[in-house]
Each structure stands twice: as C-alpha cells, then as structure tokens.
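Please look over the sequence and the model before reading on.

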Amino acid sequence: MESRNLYKSFVLFITVMVLLFLASCGPIVVSSRIGQPPPPWFYPNRLEVVRYVYFPEYSFYYDLSARTYVYLDGGVWVRRNVLPSRYQNINLRRSKYERIRNYSDENIRRYHEDNNANRGRSNRTTPRSNTRRN
C-alpha cells in the first residue's frame, strides 16, 4: 500500500516537473533564416509565422527574414541594415509594434498602401450626417 502511494507521488512529481519545464520554454519564431534569433526587441508570446514587424509611431518596418529595416526615404521604399539618424534616439524594445501576419511578399509598399492608407489621418474632413446646430 505504501509503495502504491509512493508511485503516485512520483508520477505526480514527474508530471508537475514536465509541466513546469514546458511552461518555462521561451517563444518560438518561425523564420526563413534558421539559426539566427530575432532582434532583442521582438519577443513573441506564441508560435507565429511573421516576416515583417511594423512600428506605427515611426512608420517603418523590420524584415525578419532579410534582417533589414524598410522605410520611406524621399518617397521611395528602401531597405537598410541600420536605421537612419532620425531614428537613433528611439528604444525599439519599448516602442509599440505590430506583427504583420500572413504577408511574405518582398513588396512592402503594396501592403502599406492597402493597410495603412488612413492611419494617422484626422476625420475632421468627413461630413457629419444627421447633425444639426440650432
């Protein structure tokens, strides 16, 4: 009888240890470049397939597979390994960013135009309906 309780305790202990081990595992990022971790500011909390990360406050992207920043420079989308000097004082670890899911095309301009065309614009120019002022 005592050996049965000991066996149950051992199984419970092993189960708890396995669950703790699995809970402590870090994030998993699927990228086209195996063996290179994502930058330190990118910390996903689940399994995702993500190629681009967008920083809406600064309006630039980071390409996780090419390891380059993509931004507008004089009206042209450029890819660079480092950000220009105008972004040097920002802390990307504390900046808000969005993971761009299900988009893996090289042409980020098309995605940006389709998804961020109205971002940051005011709605003051839109006509109000059903409002009267006396």
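Is Arg 109 buried, partly exposed or exposed? With a relative accessible area of 39%, Arg 109 is partly exposed. Buried means under 20% relative accessible area, exposed over 50%, and partly exposed in between (1.4 Å probe, protein chains only).

## Basis of the model

The model is predicted: local features need pLDDT of at least 70, side-chain atom pairs count only at pLDDT 80 or more, and totals for chains, interfaces and linings use all residues. Residues are numbered from 1 along each chain as its sequence is written, and side-chain values use heavy atoms, leaving out hydrogens and water.

## Salt bridges

A salt bridge is a side-chain nitrogen of Lys or Arg within 4 Å of a carboxyl oxygen of Asp or Glu. By this rule the count is six. Arg 109 pairs with Glu 113 at 3.4 Å, N to O. Both lie in helix α2, four residues apart (helices, H or I, at least four residues, and strands, E, at least two, are DSSP runs numbered from the N terminus). Glu 113 is partly exposed, at 45% relative accessibility.

Salt bridges with shared partners join Arg 51, Asp 63, Arg 79 and Glu 106 into one network. Between Glu 106 and Arg 51 the closest N and O atoms are 2.6 Å apart. Arg 51 counts as buried, at 12%.

## Nonpolar cores

A nonpolar core is a set of buried Ala, Val, Leu, Ile, Met, Phe, Trp, Tyr and Cys residues joined through side-chain atoms within 4.5 Å. The largest has 12 residues, including Val 50 and Leu 92. Strand β2 gives this core its largest share, three residues.
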